[in-house]
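Student: I have a two-chain model open and want to go through it piece by piece. Can you put it up?

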Amino acid sequence: MSIRVGIDLTSTDEVRDLIRRFGDRYLERVYTATELRDCAGDPIRLAARFAAKEATIKALRAPDRLPWQTIEIRRDDSGAPSLALSGAAQALAAQRGCRSLSVSLTHERGHAAAVVVTEGER
Amino acid sequence: MNDTTSAAIRQVLADHARMPGDAHSLDERADLFASGMSSHASVNVMLALEDTFDIEFPDAMLKRSVFESIAAIRTAVLELRAAEAA
(Lines give C-alpha, C1' and ligand atoms only; values in the text may rest on other atoms or scores of the structure.)
Protein backbone atom coordinates (compact mmCIF):
# COMPACT_ATOMS: atom_id res chain seq x y z
CA MET A 1 0.00 0.00 0.00
CA SER A 2 1.20 3.51 -0.81
CA ILE A 3 0.20 6.72 0.96
CA ARG A 4 0.98 10.07 -0.63
CA VAL A 5 0.43 13.58 0.68
CA GLY A 6 -0.04 16.92 -1.05
CA ILE A 7 -0.28 20.35 0.59
CA ASP A 8 -0.95 23.85 -0.70
CA LEU A 9 -1.40 27.36 0.64
CA THR A 10 -3.41 30.05 -1.18
CA SER A 11 -3.69 33.76 -0.40
CA THR A 12 -7.27 34.81 0.26
CA ASP A 13 -6.34 38.37 -0.76
CA GLU A 14 -5.24 37.10 -4.18
CA VAL A 15 -8.55 35.29 -4.64
CA ARG A 16 -10.43 38.44 -3.60
CA ASP A 17 -8.33 40.44 -6.09
CA LEU A 18 -9.02 38.05 -8.97
CA ILE A 19 -12.75 38.09 -8.25
CA ARG A 20 -12.70 41.89 -8.28
CA ARG A 21 -10.60 42.07 -11.45
CA PHE A 22 -11.96 39.22 -13.54
CA GLY A 23 -15.26 38.22 -11.91
CA ASP A 24 -17.04 35.29 -13.51
CA ARG A 25 -14.21 34.72 -16.01
CA TYR A 26 -12.02 33.69 -13.07
CA LEU A 27 -14.70 31.89 -11.08
CA GLU A 28 -16.08 29.83 -13.93
CA ARG A 29 -12.61 28.92 -15.22
CA VAL A 30 -11.42 27.45 -11.94
CA TYR A 31 -14.37 26.31 -9.83
CA THR A 32 -17.27 23.95 -10.48
CA ALA A 33 -20.91 24.95 -10.19
CA THR A 34 -21.13 23.00 -6.93
CA GLU A 35 -18.15 24.85 -5.47
CA LEU A 36 -19.49 28.23 -6.53
CA ARG A 37 -22.82 27.44 -4.92
CA ASP A 38 -21.19 26.18 -1.69
CA CYS A 39 -18.87 29.20 -1.41
CA ALA A 40 -21.37 31.89 -2.40
CA GLY A 41 -18.54 34.19 -3.48
CA ASP A 42 -16.62 33.97 -0.19
CA PRO A 43 -12.92 34.38 -1.11
CA ILE A 44 -11.77 32.48 1.98
CA ARG A 45 -13.75 29.38 1.08
CA LEU A 46 -12.77 29.68 -2.57
CA ALA A 47 -9.09 29.98 -1.60
CA ALA A 48 -9.40 26.79 0.46
CA ARG A 49 -10.83 25.00 -2.57
CA PHE A 50 -8.07 26.25 -4.84
CA ALA A 51 -5.52 25.02 -2.30
CA ALA A 52 -7.26 21.63 -2.24
CA LYS A 53 -7.10 21.38 -6.03
CA GLU A 54 -3.37 22.12 -6.02
CA ALA A 55 -2.79 19.76 -3.08
CA THR A 56 -4.56 17.01 -5.02
CA ILE A 57 -2.35 17.62 -8.05
CA LYS A 58 0.70 17.26 -5.80
CA ALA A 59 -0.61 14.15 -4.03
CA LEU A 60 -1.32 12.47 -7.37
CA ARG A 61 2.19 13.39 -8.59
CA ALA A 62 0.63 14.85 -11.73
CA PRO A 63 3.25 15.41 -14.44
CA ASP A 64 1.57 18.71 -15.33
CA ARG A 65 -1.34 20.79 -14.12
CA LEU A 66 -4.75 19.12 -14.25
CA PRO A 67 -7.83 21.08 -15.32
CA TRP A 68 -9.04 22.67 -12.07
CA GLN A 69 -12.66 21.71 -12.66
CA THR A 70 -11.75 18.01 -12.78
CA ILE A 71 -11.05 18.24 -9.04
CA GLU A 72 -14.18 19.17 -7.10
CA ILE A 73 -14.40 19.81 -3.37
CA ARG A 74 -17.74 18.85 -1.89
CA ARG A 75 -19.31 19.21 1.53
CA ASP A 76 -21.41 16.52 3.14
CA ASP A 77 -24.36 17.25 5.44
CA SER A 78 -22.04 17.52 8.45
CA GLY A 79 -19.84 20.05 6.64
CA ALA A 80 -16.93 17.64 6.14
CA PRO A 81 -15.10 18.15 2.83
CA SER A 82 -14.44 15.43 0.30
CA LEU A 83 -12.99 15.21 -3.20
CA ALA A 84 -14.73 14.14 -6.40
CA LEU A 85 -12.52 13.63 -9.45
CA SER A 86 -13.55 13.57 -13.09
CA GLY A 87 -11.87 13.57 -16.50
CA ALA A 88 -8.09 13.83 -16.50
CA ALA A 89 -7.82 13.86 -12.69
CA GLN A 90 -9.92 10.72 -12.38
CA ALA A 91 -7.86 9.00 -15.10
CA LEU A 92 -4.59 9.90 -13.38
CA ALA A 93 -5.86 8.67 -10.01
CA ALA A 94 -6.78 5.34 -11.63
CA GLN A 95 -3.37 5.17 -13.29
CA ARG A 96 -1.74 5.74 -9.90
CA GLY A 97 -3.84 2.95 -8.35
CA CYS A 98 -5.47 5.44 -6.01
CA ARG A 99 -8.20 3.83 -3.91
CA SER A 100 -9.16 6.72 -1.67
CA LEU A 101 -8.60 10.45 -1.25
CA SER A 102 -8.98 12.50 1.91
CA VAL A 103 -8.89 16.27 2.22
CA SER A 104 -8.68 18.72 5.09
CA LEU A 105 -9.11 22.50 4.76
CA THR A 106 -8.21 25.37 7.02
CA HIS A 107 -7.80 29.16 6.91
CA GLU A 108 -6.27 31.83 9.07
CA ARG A 109 -5.41 35.52 8.57
CA GLY A 110 -5.17 35.92 4.83
CA HIS A 111 -4.38 32.37 3.80
CA ALA A 112 -6.24 29.13 3.25
CA ALA A 113 -4.53 25.73 3.20
CA ALA A 114 -5.41 22.19 2.26
CA VAL A 115 -3.86 18.80 2.80
CA VAL A 116 -4.77 15.83 0.60
CA VAL A 117 -3.87 12.23 1.36
CA THR A 118 -4.16 9.48 -1.22
CA GLU A 119 -4.12 5.78 -0.49
CA GLY A 120 -3.26 3.48 -3.34
CA GLU A 121 -1.54 0.40 -4.59
CA ARG A 122 1.59 2.20 -5.87
CA MET B 1 6.94 40.88 -33.37
CA ASN B 2 8.69 38.53 -30.98
CA ASP B 3 10.25 41.48 -29.15
CA THR B 4 6.91 43.29 -28.89
CA THR B 5 5.16 40.15 -27.68
CA SER B 6 7.87 39.42 -25.12
CA ALA B 7 7.75 43.00 -23.83
CA ALA B 8 3.99 42.76 -23.37
CA ILE B 9 4.35 39.41 -21.60
CA ARG B 10 6.98 40.88 -19.28
CA GLN B 11 4.61 43.74 -18.42
CA VAL B 12 1.81 41.28 -17.64
CA LEU B 13 4.19 39.34 -15.40
CA ALA B 14 5.33 42.53 -13.68
CA ASP B 15 1.74 43.54 -13.03
CA HIS B 16 0.18 40.18 -12.17
CA ALA B 17 2.67 37.40 -11.36
CA ARG B 18 3.55 38.67 -7.86
CA MET B 19 7.14 37.51 -8.22
CA PRO B 20 9.78 39.05 -5.98
CA GLY B 21 12.19 39.79 -8.85
CA ASP B 22 11.96 42.16 -11.83
CA ALA B 23 10.04 40.54 -14.68
CA HIS B 24 11.68 42.92 -17.16
CA SER B 25 15.14 41.53 -16.50
CA LEU B 26 14.29 37.81 -16.32
CA ASP B 27 15.93 35.43 -18.76
CA GLU B 28 13.42 34.29 -21.37
CA ARG B 29 13.90 30.67 -20.36
CA ALA B 30 13.92 31.23 -16.59
CA ASP B 31 11.40 29.06 -14.72
CA LEU B 32 8.70 31.47 -13.54
CA PHE B 33 7.45 29.09 -10.85
CA ALA B 34 10.97 28.70 -9.48
CA SER B 35 11.22 32.51 -9.61
CA GLY B 36 8.31 32.81 -7.20
CA MET B 37 5.10 32.75 -9.27
CA SER B 38 2.48 30.72 -7.41
CA SER B 39 -0.05 28.50 -9.13
CA HIS B 40 -2.81 30.92 -8.21
CA ALA B 41 -0.81 33.87 -9.54
CA SER B 42 -0.46 31.98 -12.82
CA VAL B 43 -4.25 32.12 -13.14
CA ASN B 44 -4.00 35.88 -12.74
CA VAL B 45 -1.32 35.93 -15.46
CA MET B 46 -3.39 33.74 -17.78
CA LEU B 47 -6.46 35.99 -17.55
CA ALA B 48 -4.37 39.15 -17.96
CA LEU B 49 -2.66 37.65 -21.04
CA GLU B 50 -6.10 36.95 -22.50
CA ASP B 51 -7.05 40.60 -22.04
CA THR B 52 -3.74 41.93 -23.36
CA PHE B 53 -3.65 39.80 -26.50
CA ASP B 54 -7.40 39.33 -27.03
CA ILE B 55 -7.07 35.54 -26.96
CA GLU B 56 -8.53 32.70 -24.95
CA PHE B 57 -6.48 29.81 -23.62
CA PRO B 58 -8.34 26.55 -24.25
CA ASP B 59 -8.41 23.98 -21.44
CA ALA B 60 -5.81 21.88 -23.26
CA MET B 61 -3.30 24.75 -22.89
CA LEU B 62 -3.87 25.38 -19.19
CA LYS B 63 -0.71 23.49 -18.35
CA ARG B 64 2.10 24.43 -16.05
CA SER B 65 4.52 23.99 -18.96
CA VAL B 66 2.69 26.67 -21.02
CA PHE B 67 3.25 29.26 -18.27
CA GLU B 68 6.65 28.17 -16.99
CA SER B 69 8.77 30.75 -18.88
CA ILE B 70 8.47 33.88 -20.98
CA ALA B 71 9.55 31.88 -24.02
CA ALA B 72 6.88 29.23 -23.41
CA ILE B 73 4.17 31.86 -22.94
CA ARG B 74 5.27 33.65 -26.12
CA THR B 75 5.06 30.42 -28.11
CA ALA B 76 1.53 29.81 -26.82
CA VAL B 77 0.39 33.40 -27.43
CA LEU B 78 1.73 33.43 -31.00
CA GLU B 79 0.12 30.06 -31.66
CA LEU B 80 -3.27 31.25 -30.41
CA ARG B 81 -3.07 34.54 -32.32
CA ALA B 82 -2.15 32.70 -35.52
CA ALA B 83 -5.05 30.28 -35.04
CA GLU B 84 -7.50 33.13 -34.47
CA ALA B 85 -6.20 35.04 -37.51
CA ALA B 86 -6.53 32.00 -39.80
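This is a predicted model: local features need pLDDT of at least 70, side-chain atom pairs count only at pLDDT 80 or more; totals for chains, interfaces and linings use all residues.

Student: Start with chain B. How many helices and strands?

Tutor: Chain B has three helices and zero strands, and from the N terminus the order is α-α-α. Helices (H or I, at least four residues) and strands (E, at least two) are DSSP runs, numbered from the N terminus.

Student: How compact is chain B?

Tutor: Its radius of gyration is 12 Å, close to the 12 Å from the globule rule for 86 residues, so chain B is as compact as a globular protein of that length. The radius is taken over C-alpha atoms, and the rule is 2.2 Å times the number of residues to the power 0.38. Along the principal axes, the C-alpha atoms of chain B fill a box of roughly 40 × 25 × 20 Å.

Student: And what share of chain B is buried?

Tutor: Buried residues are 30% of the 86 in chain B. Buried means 20 or more other C-beta atoms within 10 Å of the residue's own, exposed means 12 or fewer, and partly exposed is in between, with C-beta atoms placed from the backbone.

Student: Which residues of α2(B) are buried?

Tutor: They are H40(B), A41(B), S42(B), V43(B), N44(B), V45(B), M46(B), L47(B), A48(B) and L49(B). The helix covers residues 39-53, 15 residues in all, and reaches 21 Å from first C-alpha to last, close to the 21 Å expected at 1.5 Å a residue. The expected span is 1.5 Å times one less than the number of residues.

Student: What covers them?

Tutor: The cover includes β1 (2-11), α1 (12-22), α2 (24-30) and α4 (43-59) of chain A, together with α1 (2-16) and α3 (70-85) of chain B.

Student: How many residues are in contact between chain A and chain B?

Tutor: 13 residues of chain A are in contact with 11 residues of chain B; contact means C-beta atoms, placed from the backbone, within 7 Å. On the chain A side, β1, α1, α2 and α4 each give two or more residues. By class, that side has six nonpolar, two polar and five charged residues. Ala, Val, Leu, Ile, Met, Phe, Trp, Tyr, Cys and Pro count as nonpolar, Asp, Glu, Lys and Arg as charged, and the others, Gly among them, as polar.

Student: Switching to chain A. At what angle do α1(A) and α4(A) pack?

Tutor: The angle is about 110°, with the axes 8 Å apart. Axes are lines fitted to C-alpha atoms, for helices over the stretch in contact, and angles run from 0 to 180 degrees between N-to-C directions. The two helices are therefore roughly perpendicular to each other. The classes are under 35 degrees for roughly parallel, over 145 for roughly antiparallel, 65 to 115 for roughly perpendicular, and oblique for the rest.

Student: Which residues meet there?

Tutor: T12(A), V15(A), R16(A) and I19(A) of α1(A) meet P43(A), I44(A), L46(A), A47(A) and F50(A) of α4(A). They divide into seven nonpolar, one polar and one charged.

Student: Is α4(A) mostly covered or mostly open, by what count?

Tutor: Mostly covered, with 14 of its 17 residues buried.

Student: Now phi. Which residue just after α4(A) has a positive one?

Tutor: R61(A), at about 55°. Just after α2(B), D54(B) also takes a positive phi of about 55°.

Student: What about A40(A)?

Tutor: A40(A) is not a glycine, yet its phi is positive, about 50°. A40(A) sits in the loop between α3 and α4 of chain A and is exposed, with 8 other C-beta atoms within 10 Å.

Student: And R18(B), what is its phi?

Tutor: About 55°, positive, although R18(B) is not a glycine. R18(B) is in the loop between α1 and α2 of chain B and counts as partly exposed, having 18 C-beta neighbours inside 10 Å.

Student: Last one: where does A34(B) lie?

Tutor: A34(B) is in the loop between α1 and α2 of chain B. With 9 C-beta neighbours inside 10 Å, A34(B) counts as exposed.

Notes:
Residues are numbered from 1 along each chain as its sequence is written. Chains are lettered from A and ligands numbered from 1 in the order in which they are written. Two residues are in contact if their C-beta atoms, placed from the backbone, lie within 7 Å.
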